Amino acid sequence: MRKHVHILITLATLMLTAGTGSAQLDSANTWVSTALAGGPHTVHSVIVDPERPDTVFAGTSPGSIYQSLNTTSTWAEITNAGTTINQDVYGITFNPLNADVVWAGSQNTGIFKSVDRGVTWSATSVTGPFTTWKVQFHPQDTTRMYAQTGLNLFISNDSGANWAITSIDTVTGVNAIALAVMPLSPDTLLCGVAGDGVYRSLNGGTSWSIPNSGLTDLDITAAVPSPEFAATAYVTTTGGGVFVTADAGSTWTAQNTGITNLNLESITVSESNPTVMYVGGDNGEVYKSPDRGLTWIEITGDLGVSAAVNDLFVHPDSANVVYAALDDIYRLKQAGLDSVSFFPTGTVPARLQLVDVDADMVADVLAANAGAQSIQVMLNGSQGATFSSTSYSTGAQPTVLGSGDLDGDGDTDVIIGNQLQQTIAILDNDSTGTFSTPREIFVGRSVTELVVADIDTDQDIDLAVIDETVGTISVYLNDGLGSFGAPKTITGPTGATSMVGEDFNGDGITDLLVSSSTGTVTLFQNLGNASFVIQPALTLSGTPTHLQAGDFDIDGDIDFAAAASDQTVRIWNNQGEGTFGDSAQVSLADTVTSLVAVDLDEDGYLDLFTPLPDGDVTVLINDANGVFTDSVVVGVQTGGLGAGSAGDLNGDGNSDIAVARLSDNGLVLYSNPISQNIKAPAAPRDVVAADSQSDLGGRVTLTWRRPNVDETTGRITQYNVWRSTDETGTYTLLASLDTTATVVRDSVFANRTYIDSSATVGTTHYYYLVSENGSGTLSAPSDIVNAASAPQPFFD
């Protein structure tokens, strides 16, 4: 059956968002027949309710509309649709501003409208006797509508109350089977006509032309605009496959790499990831493109139906979930993590952690659900495509979360801090990601922060907790088998807001860093036996809310970042031995809901994941010197954001991110949202010039260093040495050193040396160095250093 593909595109599709609702938890890579009731059918259209992604509608022959309220597990016929429309139902469309209003096209009886989300239907002024394939909306003005019919293209300027035939062909009419309304240039309409090709209007349908250059098959079956590019659209044909235009229909190019059946019936674009497209063939084939149609992969798999794929619809939460309309509705969930996907957790997660708990080399999801007094363990299947979820009771108000191998058996156990119950709950892992009933340690104070680390240097994992009121730090030492005795207690700051554990002074022992609502951050330096020396407090401009530690400038010392209530993140540079200075502050649009150090742009430097409560999924990008000058919003979520975490969810070696979505009791997963960005080279560090000893004079030795990652990623491919005899005078290029030259490397740095053998004896020479990458981009100059070459004395 000839038809137009469903696609309702608004400007909102330009934002990388996940819909509200629940995720798909099917078995991966298997087509599931949804057993549409009352068959046999031919299904002409399928669509998901834009506000209720578990609700699916199907338009069928014999003529009716079916509805599923549970992601197609069960179906029921909408009785009123069967009696009122009583003809084959083709396209179904929701009003983008009011999902209660739904439109349906029918065979011979025109256009029907529902104002109660499809429960009841009434006829409109367009009554046939021709087929209406589809109703679409103007992307910026929903009072303007288009109806594709077997007679012509109709246009309404009053929300569908009245309709007028366009001027495509007012004499004989056209079968306007397909329509692409360009979302970024909405006055541009491309109307596919069976046998005639594609008509084009640049003025909203007032006048039309039919260029068709390059369109070698004029028998159009479906059309879809690009939500990303103003002049790009795609059509499918009965024998020529897919054609694409990049100039609003002036010229067309076939784009069929990987498609074996060029007799195509349907096409659609993912709303959540518009680089993903699908097309359906006339004999049950389905093809997917991950790259805007440049290449196609057949995903028909076990579908096994020799019938036309009349319609395709991509789930709004997931570019990997697609519905196909044939003799039934079929659903496919594919392996792999989507660019954006939503998964339910049952209640608002107070804390998240992405960590591999079943030893399959991909991160699983742990969510501490404070409202449900439980932790949800979501085991990752099919590289982030599916999750199997188990809930474990924990105790009252689990608000902090950690993990580690507590009993030394080689798997990851889970630790929960219960704020209200004043306990630590330990869930022992059986090595498969299945956990024991929690065993509890009574703390006697609210548990608001948790550190899981070897605190007494005996090679097993200990626990440290703190309460937010009194500030007492309780350290529980592990006996090596996962059991804990009475705690050591340390007086910490009152109003504790966050606590992290790291070796801040470089002695190989885990210290504790604690922030307080008094506006301070205090280092508790560990002496090695869980005894601590308190260092002078650092002061912030606002109340610190989150801490995160990491070697942000890759100098071998652990720095830290502190998010504060004044909508700032301050990065404190460790100057060695746990002393901090050279802090830099970043201002954001709101106070962060989480602070996670993770290298998202794959340049070897830790960035900061900083979700904001207004829904902005924000990342602060490290410039390779521990300075965060770029703030990138990688997505926008409705309903507010909460706790965040990072880990490799799809096994590609790169970090992905997760963040709680508050209004939906669930979390959003983002496949690594920032492409590799090897930024401009940074200047050489720690440059020193010194007279070369044990020679006859005329030689100055220069030494410097950069982190190894700068050279291994290609950020720096050579160093240029500049020299002058006057500090403020003219410098000349003395030498260029390729990074493949001999170098002394340690675990962190490339330590480089250059000898200036042309230095004038007794003259002070001034030097600076500049880093360069393969594209010729230069860094800022290093500090200027100087040295004079002294002559070697002679002895009789």
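**Notebook: strands, cores and domains**

I began with Lys 134, whose bridge partner in strand 11 is Gln 148. A reminder to myself: this is a predicted model, where local features need pLDDT of at least 70, side-chain atom pairs count only at pLDDT 80 or more, and totals for chains, interfaces and linings use all residues. Residues are numbered from 1 along each chain as its sequence is written, and side-chain values use heavy atoms, with hydrogens and water left out.

Entry 1: I found five bridges joining strand 10 to strand 11 (residues 145–149), and the two run antiparallel. Strands here are DSSP runs of E with at least two residues, numbered from the N terminus, and two of them pair if DSSP finds at least two bridges between them. Stepping back, I saw four strands in an open sheet, ordered 10-11-12-13, with antiparallel pairing. Strand 10 (132–137) and strand 13 (164–165) are the edge strands, each pairing on one side only.

**Entry 2: Thr 232.** Next I looked up Thr 232, which sits in the loop between strand 17 (220–225) and strand 18 (233–237). Is Thr 232 buried or exposed? Thr 232 counts as buried because its relative accessibility is 10%; buried means under 20% relative accessible area and exposed over 50%, with partly exposed in between (1.4 Å probe, protein chains only). Setting aside neighbours within four places in sequence, I listed its contacts (heavy atoms within 4.5 Å): Met 182, Pro 225, Ser 226, Val 244, Thr 245 and Ala 246.

**Entry 3: nonpolar cores.** I count as a nonpolar core a set of buried Ala, Val, Leu, Ile, Met, Phe, Trp, Tyr and Cys residues joined through side-chain atoms within 4.5 Å. The largest has 27 residues, of which Ile 65, Trp 121, Tyr 323 and Ile 329 touch the most other members. Strands 2 (42–48) and 26 (321–325) are among those that each supply at least two residues of this core, and strand 2 gives the most, with four. Apart from it I noted another core, of 17 residues, including Val 340 and Leu 641.

**Entry 4: Leu 669.** I placed Leu 669 in strand 56 (residues 666–670). Leu 669 is buried, at 0% relative accessible area.

**Entry 5: domains.** Domain bounds come from an automatic or database domain assignment, which gives domain 1 (30–335), domain 2 (339–594) and domain 3 (685–789). The C-alpha centres of domains 1 and 3 lie 64 Å apart.
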